[in-house]
Amino acid sequence: MSKYASWTHGKLPLPELLELKRRGQKIAMVTAYDFPSGRIADEAGVELVLVGDSAAMVVLGHDSTVPATMEELLLLTRAVTRGAKRPLVIADMPFGSFQVSDDDAVRNAVRFVKEAGADAVKLEGAGPTLSRVQAIVGAGVPVMGHVGLTPQSATMLGGFKAQGRTAEKAERLYEDALALEAAGCFAIVLEAVPAAIASRVTEALQVPTIGIGAGAGCDGQVLVWHDLLGLYEGKAPRFVKRYADLGDAARRALEAYVADVREGRFPEEQHTYAIPDEELDAFEAWLGARV
Ligand code: KIV
């Protein structure tokens, strides 16, 4: 049995996401930010790799995703697309790269495809984002939507907290998701949304929903690489499941290395290069004669 949910070879064809939803097969998505994480995600069989603007926090050490720039996201996306061959690689459009105008949004989305090899882009929000989605899709670049908790507008949403928890807000979220589908999105991320609402949205949409803190009723799930692998310090949101503690493993490995260096246990013979005896003798003779 193939490790992939789908049956084709090479790059996952985008329309297969619809087929996976139709067949009730769940879609796995993870973020990645460099060549090795893209390669490992591919080897693990995920369908979608997101070069998230979460990089601003988990890779670059900012307090929010807002400072992420086009140049930073382009650099990271280039590295990820070199590693992730089979999955669709989606570049997250950073704050400021699509808010100003449709033209700006198209120009920046095209840069991700042409300069970084991305297969698609992701945009946060609905409302004014809808015309951006139409414009980018119209230019031939597939777009993933993102509603619920949209970290780029966390200040306006009152912080990093669940969305759609009143009937009125849930109605709005439902309509936003439908509008994003109508605008041309091929999939929609639902972040920090009550499971019951996410299930209803999922049933209403033809395109797949990818949940993060949105329950098991979504068509797929996404987690941030550093959260999943235990590489991020600080309080994780309740929707994070940690599958490994690589941060702790890395710390312990580095402590062992530091101790070995200090105690002279590293490097050993096996880590060093030899020189033929006669060459060494000649060198020593030269050294002895040198004034
Ligand atoms: O930037 C990101 O990592 C994201 C995911 C949490 C969906 O947008």
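How many helices and strands make up the secondary structure of the protein chain?

1. Overall architecture. The model under review is predicted. Its protein chain comprises 12 helices and eight strands. The C-alpha trace spans about 85 × 45 × 40 Å along the principal axes.

2. Burial and surface. The protein chain has 291 residues, of which 44% count as buried.

3. Contact range. Among contacts in the protein chain with a separation of 6 or more, 59% join residues 24 or more positions apart.

4. Packing of α4 and α5. Helix α4 (residues 70–83) and helix α5 (residues 102–116) have axes that come within 9 Å and cross at roughly 35°. The crossing in which α4 passes α5 is right-handed. On the α4 side, the contact is formed by M70, E71, L73, L74, T77, R78 and T81; on the α5 side, N108, R111, F112, E115 and A116 take part. Sorted by class, the residues of this contact are five nonpolar, three polar and four charged.

5. Cysteines. The structure as a whole holds zero disulfides. Both residues lie below the 20% cut-off for burial: C185 is buried with a relative accessible area of 3%, and C218 counts as buried at 1% relative accessibility.

6. The cis peptide bond. Which peptide bond is cis, with omega near 0°? The bond in question runs from F266 to P267. P267 is found in the loop between α11 (246–263) and α12 (277–289).

7. Positive phi at A192. A192 is a residue other than glycine, yet its phi is positive, near 50°. The loop that contains A192 lies between β6 (187–191) and α9 (195–204). Is A192 buried or exposed? A192 counts as buried, because its relative accessibility is 8%, and the cut-off for burial is 20%.

Definitions and conventions: Residues are numbered from 1 along each chain as its sequence is written. This is a predicted model: local features need pLDDT of at least 70, side-chain atom pairs count only at pLDDT 80 or more; totals for chains, interfaces and linings use all residues. Side-chain values use heavy atoms; hydrogens and water are left out. Axes are lines fitted to C-alpha atoms, for helices over the stretch in contact, and angles run from 0 to 180 degrees between N-to-C directions. Helices (H or I, at least four residues) and strands (E, at least two) are DSSP runs, numbered from the N terminus. A crossing is left-handed if the near helix is turned anticlockwise from the far one by less than a right angle, and right-handed if clockwise. Contact means heavy atoms within 4.5 Å. Ala, Val, Leu, Ile, Met, Phe, Trp, Tyr, Cys and Pro count as nonpolar, Asp, Glu, Lys and Arg as charged, and the others, Gly among them, as polar. A disulfide is a pair of cysteine sulfur atoms within 2.5 Å. Buried means under 20% relative accessible area, exposed over 50%, partly exposed in between (1.4 Å probe, protein chains only).
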